[in-house]
Amino acid sequence: MSALKIKKGSSSHSAYDLRDPNAEIIEAHTLAVMVDNEVGVLARVIGLFSGRGYNIDSLTVAEVDHKGHRSRITVVTRGTPAVIEQIKAQLGRLVPVHEVHDLTVEGPSVERELALFKVVGAGEKRIEALRLAEIFRANVVDSTLESFVFEITGTPEKIDAFAELMRPLGLSDVARTGVAALARGA
Amino acid sequence: MSGQMTGARMVVQALRDQGVDTVFGYPGGAVLPIYDEIFQQNDIRHILVRHEQGAVHMAEGYARSTGKPGVVLVTSGPGATNAVTGLTDALLDSIPLVVLTGQVPTFMIGTDGFQEADTVGITRPCTKHNWLVKDTDKLAETIHQAFHVATQGRPGPVLIDIPKDVQFATGTYVAPKATRTGHYQPKVKGDIDLITELVEWMETAQRPILYTGGGLINSGPGASQLLRELADATGFPVTSTLMGLGAYPASGKNWIGMLGMHGLYEANLAMHGCDLMINLGARFDDRITGRIADFSPRSKKAHVDIDPSSINKVIHVDLGIVGDVGHVLEDLLKVWKSRGRKVNKEGLAKWWAQIDEWKAKKCLTYRNSDQVIKPQYALERLEALTKGRDRYITTEVGQHQMWAAQFLGFDAPNRWMTSGGLGTMGYGLPASIGVQVAHPDALVINVAGEASWLMNMQEMGTAVQFRAPVKQFILNNERLGMVRQWQQLLHGERYSHSWSESLPDFVKLAEAFGCKGAKVDSPKDLDDAIMAMIEYDGPFILDVLVEKHENCFPMIPSGKPHNEMLLGDASTEGAIQAGGAVLV
């Protein structure tokens, strides 16, 4: 268990600790969890987060090995370094969990998210939306005379930026998949 | 054995192949096919309980006293939900259990059928793992996997939900040997480099302490043996959590008593003042640590635990060794011996002198009386009159539990069964029956408080039916003693609902159940009453009327560090401040 080395003084996660919980740095981490794709496995993972009071920023899951019935859960969570280590250890001891990887600390990784944006409008605003979509390399996947649906792929930050730009141009609905991530290199 | 058979027969066959001799259960509509199979065989004994919670606690008592997994069989819906408290209890104390629940047939799942509950959903957070079996062909393999998961790594309760149509249908039986146990293979050997580092620390430590826990009991008698060897060879003092009592003998020369909220003065101060803390199979529970920020501030800490998530969960340690404590102790001893069996003799001598000074405080001293029975006195007499026998003790939860831990000595593992993590009132009576079923000729005593005892008193019927001669030693103060103590210390002596009114006459109650009871209220009659209880050939309820307002000391008030213990009533004024009051 090499993942147990954490910096000194970072163990404040306890019912008996009455220190200001904001006294330590909160970090966002992207975890890749390889699990058996069995009934209830997602409920087990989510239940662990809610039951122990951990945060979930985003979570995606799909079977990635149909033969071996193996799914990959990508979860973006945040907490102090001690809490992040505890989350990984807690995930690791679930029976259907095979591997837990912290992509944030295990080296460079790529993160992508897919989103669909419906933008409703006419005239100048409509033209501006289309122009910005081109800059962001978003595709038009549906179009009427009053609306577009854009498909955009990128980091969560890029998608946030696109959402900010679309808001004054008639943004009506957003669907986001959450983050999928892989380590870089072989 | 393999071949075609019904799911119900498979259950019985799988249990037999797993070496199960006893099942604690209660029948109902959704498990009738399995009960029909139980009726037609004699290998597995079924103990009919009076309430499913009792079945789970009995299985816990069985498991803790034997080291084997306890097995429970209950029906769907209320049968399963009644088992939830016991499952949670077993999860928190790491007790291996395999619980089988009936379920409505697969085609009715989700229709709110009669006695339908989402059992796997309800029990997901209170089991180590659980399964809903929808295909008879997978049933045998699932049961074998369940035994594997319950007993390997950190033990815990598992549950298998079996729909009724799966019990009726025919499928192929798979023997344990042919079963794939999957990837669940927790690591038992510790990292030898880390173990060597720990040995280096042991060689120079001036004030070392062995802080032992339930992991040593769970690891098996071999681990306790190795602990004794280590402690005796190094001369290091040994303390233990509530769960670990008996791993090192109370009569051993290095024993300094239980630690924690109601632990001994010398044990807590040694934890606070040590320079090397070696945690063997304990988990830095909040009953142990007190205020985290001031927990053993000047020590290096090493932690041996089979569960990686226990390490650095509460207390940051300098060295975390993941592995089975028995295996790690074996390697630790090997390395320590091969490096020349070095310890810091001078430092240790000073350390023991300091510990002896703390011991001289005699922190368990209480003011005895010749008018009323003090609960501490009752336990001292119970200890004196049962010493030398191979005795098994269970407890309920509260003051009596802490006094039992303080005043009874345990010289062997698996002799002390108590609800530690969850603190389940109503645990002790059924647990005592489970222990007695596993050890028919042993002396099994449940040290109880009257309020806890009433929570599962229906199980006296089970004790009588199955001739389990369990002794119920009830310290009756007509109060919820621990609640009353906290209200006194913390809530301005406003005793909100912490007294027991309309208590039954326990002697008549014993008679009503078909066993024997007696009442004792005078210290001079106590010995005779205890002997009568022990010598009676059958279940016995001894109602010991004790001092009603006795407080349990020593006590670390919540939110305080180890070196701020309360030793008696005189020191309680303003002991718990606002910050501590929010804690439990």
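Leaving aside neighbours within four places in sequence, B:Asn130 is in contact (heavy atoms within 4.5 Å) with A:Arg44, B:Val120, B:Thr123, B:Arg124 and B:Leu159. This is a predicted model, in which local features need pLDDT of at least 70 and side-chain atom pairs count only at pLDDT 80 or more, while totals for chains, interfaces and linings use all residues. Residues are numbered from 1 along each chain as its sequence is written, chains are lettered from A and ligands numbered from 1 in the order in which they are written, and side-chain values use heavy atoms, leaving out hydrogens and water.

**Around B:Asn130**

- You can find B:Asn130 in strand 6 (residues 129-132) of chain B; helices (H or I, at least four residues) and strands (E, at least two) are DSSP runs, numbered from the N terminus.
- B:Asn130 counts as buried because its relative accessibility is 3%; buried means under 20% relative accessible area, exposed over 50%, and partly exposed in between, using a 1.4 Å probe and protein chains only.
- Its side chain makes a polar contact with the side chain of A:Arg44 at 2.9 Å.
- A polar contact is a pair of N or O atoms within 3.5 Å; within protein, one must be able to donate a hydrogen and the other to accept it, and residues adjacent in sequence count only if both atoms are side-chain atoms.
- The side chain of B:Asn130 also reaches the backbone oxygen of B:Val120, at 2.9 Å.

**Two helices of chain B**

- Helix 3 (residues 52-66) of chain B has 15 residues and spans 21 Å from first C-alpha to last, close to the 21 Å expected, where the expected span is 1.5 Å times one less than the number of residues.
- In helix 3 of chain B, 14 of the 15 residues are buried.
- Just after helix 3, B:Gly67 takes a positive phi of about 85°.
- Helix 17 (residues 399-407) of chain B has nine of its nine residues buried, including B:Trp403 and B:Phe407.

**Cysteines**

- There are zero disulfides over all chains; a disulfide is a pair of cysteine sulfur atoms within 2.5 Å.
- B:Cys552 is in no disulfide either, with the nearest cysteine sulfur, that of B:Cys363, 11 Å away.
- B:Cys274 is buried, with a relative accessible area of 0%, and B:Cys552 counts as buried at 0% relative accessibility.

**A recorded domain in chain A**

- UniProt lists residues 30-105 of chain A as "domain: ACT" in an unreviewed entry; UniProt positions are given in the numbering used here, feature names are shortened, and annotations may be inferred rather than shown by experiment.
- Over residues 30-105, chain A is 30% helix and 41% strand, and the end C-alpha atoms are 9 Å apart.
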